[in-house]
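I opened the notebook to record what I looked up in this structure.

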Amino acid sequence: MTEKTKTSTGITRRSLLKTGAAAAGVAAGSGAITGFPTIWAQTPITLRQFGTGVSNINAIAEKCKADLGITLEMTATDSDAAAQRAVTQPDSYDIADIEYWILKKVFPTGVIQPMDTKKLKYYDKVVPLFKTGKLTPDSVIAQGTAPHTVGYVESIDAKEFASGETEWFTMMPTIYNADTLGIRPDLVGREITTWADIMDPAFKGKTSILNIPSIGIMDAAMIMEAMGNIKYADKGNMTKEEIDATIDFLIKAKQDGQFRAFWKSFDESVNLMASGEVVIQSMWSPAVAAVRSKGIACKYQPLKEGYRSWGGGLGLASHLSGAQLDAAYEYINWYTSGWVGGYLNRQGYYSACMDTAKDYMSADEWGYWIEGKPAQGDILSPEGKVMEKAGAVRDGGSFEERMGHVACWNSVMDEDRYMVRRWNEFIAS
Amino acid sequence: MSGSRTNDTGRQFHLPAWLPAYLQAAPLTIILGGFLLLPLLMIAIVSFWDYDFARMYPDFVTFNYSETLGSWITWKTYLNTLKFAAIVWAITLFIGFWVAYFLAFHVRSTAMQMVLFLVCTVPFLTSNIIRMISWIPVLGRNGLINTALVNTGITTEPVEWLLYSDFAVVLAMVHLYTLFMVVPIFNTLMRIDKTLVEAAHDAGATTWQVLTNVIVPLAKPGMAIGTIFVVTLVMADFSTVQVMSGGQSASVALMMKNQMSLLQYPAAAANAMVLLVLVLLLVAAILRVVDIRKEL
């Protein structure tokens with residue numbers, strides 16, 4: 001658990017900060033952070049972080065308290081509520097832990113301040129995916145709200161995203177992954193190679209997709225394109241006609257009985273798969289791990305069209321200044337210094353500063369999670385539970401193989417409201 | 001309450017004639033006003049506001065209503081919800097009446113009646129959600145029923161429509177709501193004067209005639225109250241529909257919940273107003289057909 005701050009009212013806390021933190025603030029010196037940990041323990045610095053929950057992990061708050069003396073207060077919400085809170089209650093948080101497509105909605109309202117890359121100690125170690133959109137120099141830039149397209153602004157008070165790398169970073173990337181379809185290899189009875197396989201009549205009544213419009217529409221787009229029904233100009237920003245075509249296709253598939261159910265929450269997807277109601281469906285990687293931990297075969301199947309990817313990062317609230325802003329920078333530098341990265345990598349996600357995370361993982365863990373090599377010994381989760389036995393190989397292989405084959409990123413479309421309305425029609429049809 | 005008499009003279013104070021009555025009515029007025037009328041008023045106001053992904057803007061726009069009423073999906077969803085309401089109503093009324101009839105006329109001792117009546121309420125000792133979800137391992141593809149059917153050779157393939165279907169939704173709703181029918185009907189049946197039944201028999205009526213001419217007409221107020229319970233519960237249900245249909249079927253409340261989870265509060269508010277009007281009309285129609293005050 002995170003340690004509770006002694007004071008709960010903002011006024012008291014602020015006044016404490018003003019007086020008490022001044023010394024520490026001077027010591028740290030804005031722009032001149034030379035190393036950490038600067039122990040903030042003598043002054044009760046608290047950072048309030050809210051976000052979508054994937055990386056709201058208590059272990060991180062505990063470690064942060066131990067290393068930096070900064071108390072982290074974490075609040076988890078779902079992504080729609082996170083977008084709303086970011087805009088409507090900008091004073092209620094110091095750090096926004098949000099996905100890039102949420103940032104695209106939120107940043108233009110002025111509630112997030114850009115970061116000075118010179119103050120980000122590990123900026124140079126951030127994987128190029130977040131700077132140029134290319135993991136390797138010859139990768140193809142994926143469609144959708146790719147992080148690098150909303151990653152930079154021209155100046156500290158700019159509201160428009162810059163077209164290329166600048167010294168003002170909107171968010172420090174922290175966590176990301178490549179999503180694909182989960183399958184029950186024992187029940188599908190054949191090779192699964194493409195997103196189109198979910199529409200195979202052989203799996204009629206045994207498939208599921210997720211009922212979260214902004215993500216579900218992307219899975220649907222991958223399926224549509226794989227079947228050769230349509231070629232999107234940008235599946236992350238569909239036109240009304242493209243939305244109509246996609247939804248009409250889904251409605252028809254639903255009425256033909258292709259789907260068994262639609263899931264909304266993580267545990268629903270686990271139960272559908274574990275009970276055998278569904279043999280192929282949209283899935284998130286921890287859900288695959290959860291099915292497997294029940295002793296049931298489940299595979300996160302790589303597909304030839306590539307992955308649907310998502311990514312999140314930490315953004316600074318506009319109201320941060322002085323000692324608190326310094327503390328926030330120090331927190332972010334700590335976050336990217338390796339311990340957290342190793343933790344996230346061992347959960348099956350990816351950290352943005354791979355080089356720093358490597359120092360916090362064993363050679364076997366690094367080999368299994370990042371290089372796609374067979375595990376030498378048992379692979380443990382960060383909590384110490386056995387996730388994979390020796391000899392196992394990660395589905396999809398290495399980091400480069402997985403993140404190098406991203407076809408699209410989770411997105412927010414210009415026709416967002418229209419899409420949501422049509423999506424509701426699909427669910428109700 | 002005392003002090004309502006105003007012609008007592010010589011006291012130190014003197015309550016005006018109207019005051020005690022108002023005071024007596026005040027607690028209920030405050031509760032209903034504060035917790036029912038005020039929120040309803042707010043919903044009504046918000047339903048005319050404009051919104052984007054994050055905020056609501058005080059305004060007077062009607063597109064929340066025109067979008068709601070102008071979409072075929074709303075009509076289809078309302079029809080679907082009414083369909084569930086009608087089916088569940090018919091089944092719960094049938095089952096509820098016969099359970100109540102058995103309790104009231106076939107169980108001799110009052111003690112036994114009460115014991116059996118309490119047995120009816122036993123399922124209510126667990127939560128709604130648990131009662132609903134516990135159907136899933138029973139009805140699923142690899143669930144109890146399908147395993148039994150396949151193992152005994154009655155069917156070769158598991159029966160698919162048992163779970164994640166309209167059937168599953170209706171089954172779960174009947175399971176959840178039948179008691180709301182049993183209780184009021186049992187209550188009215190217990191008040192029927194047994195001599196009326198004897199008189200009917202003496203006048204030459206068959207058991208069937210007694211049932212249709214004496215008991216059912218006298219049970220109508222109970223049926224009406226049960227109907228109001230069941231219909232309003234089904235119309236407002238979203239969790240049963242979502243869980244038992246696997247998200248494949250729509251209900252009005254589920255549509256509202258989806259809108260709220262996407263922060264489209266004004267649209268959800270407009271939907272809520274439409275549903276409120278519809279349910280009030282349904283209740284008014286029931287009250288016109290049956291005089292439930294006989295019950296009270």
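**Entry 1: a strand pair.** I am working with a predicted model. I began with strands E7 and E8 of chain A. E7(A) pairs with strand E8 (residues 168–169) of chain A in the antiparallel sense, over two bridges. I then looked for the bridge partner of A:Val153 in E8(A), and found A:Trp168.

**Entry 2: chain A as a whole.** I looked up the helices and strands of chain A: there are 15 helices and 19 strands. Chain A has 429 residues, and 52% of them are buried. I also checked contacts between residues at least 6 apart in the sequence of chain A. Of these, 71% join residues at least 24 apart.

**Entry 3: two domains.** Domain 1 covers 38–178 + 309–358, and domain 2 covers 181–305 + 414–428. How many residues does each domain give to the contact between them? Domain 1 of chain A gives seven residues and domain 2 of chain A gives eight. On the domain 1 side, I listed one nonpolar residue, six polar and no charged. The centres of the two domains of chain A, taken over C-alpha atoms, are 29 Å apart.

**Entry 4: the core.** Next I looked up the largest nonpolar core, which has 179 residues. The members that touch the most other members are A:Ala86, A:Val106, A:Tyr331, B:Val88, B:Met173 and B:Val234. Helix H8 (residues 166–191) of chain B gives this core its largest share, 13 residues. Why does the core lie between domain 1 and domain 2 of chain A? It lies there because both domains give residues to it. Leaving out residues up to four places away in sequence, A:Tyr331 touches A:Leu47, A:Cys64, A:Leu68 and A:Ile70.

**Entry 5: where the chains meet.** I counted 22 residues of chain A in contact with 20 residues of chain B. On the chain A side, helix H3 (79–88), strand E12 (259–263) and helix H15 (416–428) each give two or more residues. By class, that side has nine nonpolar, seven polar and six charged residues.

**Entry 6: one glycine.** I found A:Gly397 in the loop between strand E18 (386–388) and helix H14 (399–403) of chain A. Is A:Gly397 buried or partly exposed? It counts as partly exposed, because it has 15 C-beta neighbours inside 10 Å. A:Gly397 touches A:Gly372 and A:Arg402, again leaving out residues up to four places away in sequence. I also checked A:Gly397 against A:Thr170. They are 227 residues apart in sequence and 31 Å apart in space, C-alpha to C-alpha.

**Entry 7: chain B.** Chain B has 13 helices and two strands. Of its 296 residues, 29% are buried. The C-alpha atoms of chain B fill a box of roughly 90 × 70 × 35 Å along the principal axes. Among contacts in chain B with a separation of 6 or more, 68% are between residues 24 or more positions apart.

Conventions
Residues numbered from 1 in each chain as written. Chains lettered and ligands numbered in written order. Predicted model: local features only at pLDDT ≥ 70, side-chain atom pairs only at ≥ 80, totals over all residues. Pairing = 2+ DSSP bridges. Helix = DSSP H or I, 4+ residues; strand = E, 2+ residues; numbered from the N terminus. Domains from an automatic or database assignment. Contact = placed C-beta atoms within 7 Å. Nonpolar A, V, L, I, M, F, W, Y, C, P; charged D, E, K, R; others polar. Buried ≥ 20, exposed ≤ 12 C-beta atoms within 10 Å, placed from the backbone. Core = buried A, V, L, I, M, F, W, Y, C linked by C-beta atoms within 7 Å.
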